[in-house]
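Subject: Structure for your review

Dear colleague,

Please find below the structure that I am handing over to you. I would be grateful if you read the notes that follow with the structure open beside them.

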Amino acid sequence: MQFGEKKVIDGLSFDVARGETFGFLGSNGSGKTTTIRALLGIYRPTSGTLNINGQVFGDGFGARLGYLPEERGLYKKESVLDVMSYFGRLKGLSRNEAQKFSREYLDRVDLADKAGQRVDKLSGGEQQKIQLGVTIMNEPELLILDEPTKGFDPVNRRLLMDIIEDSKRAGATVMMVTHQMEEVERLCDRIILLKDGKSEAYGTIDEVQNQFGGRTIKLKYSGRVPDSPHYQVTLRETNYAELALDESVDEAQVLHDLVTSGVVVRGFVASKRSLDDIFIQVYGENAAAPLALGVK
Amino acid sequence: MDRHNLGTVVAFEFTRTVKKRRFWIATLAIPILLALVFVLVFTSSSSTQSLSEAQKSQTLDFTYTDASSLIDPAIAKALGGAVEKDPGTAVERVKAGKLNAYFSFPASLAKDPVLVYGADQGIFKNGTYDAVAKQIVVLSAQEKVGSPQLVAAVQGNFNTQTETFKGGVLSGGLQTVIPPLLFLVLFYVVIILLANQMLASTLEEKENRVTEMILTTLNPTTLVVGKIISLFMVGALQSIVFASPMLLGYVFFRDQLAIPNFDLSKLSFQFWPMLIGALLLIGGFILFTGVLVSIGAVMPTAKEASMVFGPVMLMMFIPFYIVTMVVSDPGSVIVQIFTFFPFTAPVTAMLRNAFGSLNGVSAAIVIAELFIFGVLALRLAVHLFRYGSIEYSRKLSLRTAFAKRS
C-alpha cells in the first residue's frame, strides 16, 4: 500500500483463524489503521486483498463484519434508536430486527432510557457503548476493534469485555488493535507487531516472547547489583531491579553470581519478558540497547 | 448498487431532514411571509377600493378661468367647477383657506402649463387637483372632436394582434417561451435551496467522524447517490410548500391580490423545447451537485467549504449579466462560450432553448457535455468522499487524493 511515492504498508501478510482473538499491535504511525482501512476497502490498496474464508472481501461482506474504528463517531443530531436502526438496516437487518436488537442492547448497557435522546446529549462513554452496539448488531463473523477500551472506565471496560466475549462465544473472530498489553496478554491468542508497515513479530504470545529472548528476572534485594556479561539491568529502583538475561545463561547461574557478589536476595522471580518490554524494545527510543542482546 | 441500502440511505436522509424543527421553520417561513404579504395586499386593496369608491362620489369644489376657450363649462360644472369671478384674488383666497382650489387654463395649452392652486390635503389626495384639471381638458377636447375613433387614435387607445411564422408554421410567441423557462426557474430554485445542504451532507459524515463506520457497511457511491436523491426529494417538498400560497392565491384570491390574469390555457408546451429543457435541468443538477459534494468531501468544515462554494454559485448567475445578448444576439462569441462552458452552460442553454435560438446540434452537445461532466463530477465526489471524509480535521489536497488512488 502506498500513497504516491510513500510506501506505507510493505509486504504484510497474516492469517487470523476462525474463532480466535488476534492482537494487531504497533506504535502510533506504524500503519495499523491504514492496514485495516485497506483491508476493509476504505482505501484501495496498491496490491493485496483481505480474504475471508477464501473469498476476497467485497461489498457484500459488510453485513458479516463489525468494525469499531479508532475515530469514534455517530450521527450526533439523531436519536440513539434512529442511528442504531439505520446501521442495522444497512447491515441487512429488517426494521423490526434492528429496533429489537437496539432496545435489548440499550437495556443491557443501562441506556434504555436514552433511546429517544439525541446522540450528542450522551456522555462520551455512553456514545462509545452505542457505537459498540452498532458494531456487533449484525452478529458479525469478524469483529475488528480499534482501541476498543479507549475512553472507558474500569466498570465499563469490564462490560465491554463481556460483550466481546459474548460475541466470541457466538462464533465471532476478533481482531483488536490496542496499546494495552495486559489486555493483549489476557485476551489474544496470537498477535502481530507492526513497525513502519512491516511485520516485526507474528505468532502466539509465547512465540513472540521467545522470539525476543524472553527471560527476565524480577529481583528484590539489598546491597548493590553488580554489572555482569550474563545479564543487563533493564530497571533499577530502590531494592528492586529487573534483569534481562543472555540466552546462554540460566537463572541459577545468575542467582549464584548475585549471592557471591554480596547481594542479599529477598525475592527472585524468573519469567518471560512482558509484551510491554518487547513493545518498548521494538518501538522505544532506546531500542538499540535490548537489541544488542542479540535476541533478534 | 445495492438497492436495499440505497433505499435505506434515502429514507434515513430524507426522514431526518424533514423531522427537524429547523427544517420546517426555514421551509414555512417563506410561505408564512408570503401569506402575510398577501393579507396586507388584500387589506390594502380593499381599503384602496373603498377609498376610490368614496372619491368617485365626492366632487371637488374649485373655480377656474379659461383663456384657451377650450373648456366646456358643462363638463367643468359636472366635475364641481365654477367660473372664477375675481381671478386677481383667487390665489390669495386659496392661500387664506377661503377657496378650495383654483385652476388657470392658459391661452395655449401647447406652450404653457395649467396653473393649479389648492388647499393641501396630503401628498396622495393633492394629486386629485391635477387629475381633475387634466380630465376637464381631455373631456372638453373629446367633446370638440366629436369622434370617439379619432380620440382613441390620437390617444393610442387601441390594440394590435401579431402573428409571426417560422418555417411556414405559426410561431407561438411568449406562450412558447414561458414553459421551457420553467425549467430554468426550477434549476435555480433547486440549486439555491439545496446547495448548502449538498455541501453539508458529506461534511456531516466527516465532522461526525462516522465515515469509517459507514464505509464498511456501504459503498460510497450508494451513500452519495442516496444523499443526492434524498436532497432532491427535500427540494421538491420545499418547492411545493413554497409554491402553495402562490397557487392558492392565484386560484382563489386573484382579484383581491391584484395578480395578473394570465390565461394559462394559451401556454404552448412544445415537445422538443420541453424535452431539451428537462435534460438540461437534469444534467445541470448532476453537474452542480457533483461539484458541491466534492467540495464538501475535500473541506474539513462548513465554514471553509463555503469559501469555495461562493465562486461555483456565482457561475450560475454570470449568464444573467449577458441575458440581453443571449436573447438578441445568440451567435455572439461570448454567448457561444457561455453556452458550452460547463458551469455557465445550463442557464445559458436553457435561456436559448426557451427563446428558440438553441439548435438541435448545439442542444445535443450541451446535454452530452453536462451529463458527461456531471457523471465525472459525481465519480470525483465519490472518490474524494472515500479519502477526504476520513481526513477528519484536515483539508484533503487533490494531489494526496489522487496519490491515494495509486
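I begin at a glycine in chain A: Gly41(A) follows helix H1(A) and has a positive phi, near 85°. Please keep in mind throughout that this is a predicted model.

Helix H1 of chain A spans residues 32-39 and is mostly covered, with seven of its eight residues buried. The buried residues are Lys32(A), Thr33(A), Thr35(A), Ile36(A), Arg37(A), Ala38(A) and Leu39(A).

S3(A) and S9(A) run parallel and are joined by five bridges. In this pairing, Gly26(A) is found opposite Leu194(A) of S9(A). S9(A) has a further partner in strand S10 (residues 198-204) of chain A, and here the sense is antiparallel, over six bridges. Leu193(A) stands opposite Ala201(A), a residue of S10(A). S9(A) and S10(A) form a hairpin with two residues between the strands, and Asp196(A) takes a positive phi near 50° in this hairpin.

**The two domains of chain A**

The domain assignment divides chain A into domain 1 (2-208) and domain 2 (213-291). Their C-alpha centres are 37 Å apart. How many residues does each domain of chain A give to the contact? Domain 1 of chain A gives nine residues and domain 2 of chain A gives seven. On the side of domain 1 of chain A that touches domain 2 of chain A, the elements that supply two or more residues are helix H6 (181-187), strand S9 (190-195) and helix H7 (205-211). H6(A) gives the most to this side, namely three residues. Sorted by class, this side of domain 1 of chain A holds five nonpolar, one polar and three charged residues.

Strand S11 (residues 215-222) and strand S13 (residues 240-245) of chain A pair in the antiparallel sense, over five bridges. One pair of facing residues here is Thr216(A) and Ala244(A), the latter in S13(A). Strand S12 (residues 231-237) of chain A also pairs with S13(A) in the antiparallel sense, over six bridges. In that pairing, Tyr231(A) is placed opposite Leu245(A) of S13(A). S12(A) and S13(A) make a hairpin with two residues between them, and Asn239(A) in the turn has a positive phi of about 60°.

Helix H9 (residues 275-283) of chain A has Leu275(A), Asp277(A), Ile278(A), Gln281(A) and Val282(A) as buried residues. Why do they line one face of the helix? Viewed down the axis of H9(A), the buried residues fall within an arc of 155°, so they line one face.

A word on confidence is in order. Chain A has a mean pLDDT of 83, and 91% of its residues reach 70 or more. Over residues 286-296 of chain A, however, the pLDDT is below 50, and this stretch has 12 contacts in the model beyond near neighbours in sequence.

**Chain B**

Chain B contains 16 helices and six strands. Of its 406 residues, 32% count as buried. Among contacts in chain B between residues at least 6 apart in sequence, 72% join residues at least 24 apart. The domain assignment gives domain 1 (59-153) and domain 2 (174-220 + 263-400) of chain B. The C-alpha centres of these two domains of chain B lie 61 Å apart.

Ala119(B) sits in the loop between strand S4 (115-118) and helix H5 (123-145) of chain B. Is Ala119(B) buried or partly exposed? Ala119(B) counts as partly exposed because it has 15 C-beta neighbours inside 10 Å, whereas a buried residue needs 20 or more. Leaving aside neighbours within four places in sequence, Ala119(B) is in contact with Val94(B), Gly97(B), Asn100(B) and Ala101(B). Ala119(B) and Tyr102(B) are 17 residues apart in sequence, and their C-alpha atoms are 9.5 Å apart in space.

With kind regards

Key: Residues are numbered from 1 along each chain as its sequence is written. Chains are lettered from A and ligands numbered from 1 in the order in which they are written. This is a predicted model: local features need pLDDT of at least 70, side-chain atom pairs count only at pLDDT 80 or more; totals for chains, interfaces and linings use all residues. Domain bounds come from an automatic or database domain assignment. Two residues are in contact if their C-beta atoms, placed from the backbone, lie within 7 Å. Helices (H or I, at least four residues) and strands (E, at least two) are DSSP runs, numbered from the N terminus. Ala, Val, Leu, Ile, Met, Phe, Trp, Tyr, Cys and Pro count as nonpolar, Asp, Glu, Lys and Arg as charged, and the others, Gly among them, as polar. A residue is buried if 20 or more other C-beta atoms lie within 10 Å of its own, exposed if 12 or fewer, and partly exposed in between; C-beta atoms are placed from the backbone. Two strands pair if DSSP finds at least two bridges between them. The arc is that of the directions from the helix axis to the C-beta atoms. pLDDT is the predictor's confidence in each residue, from 0 to 100.
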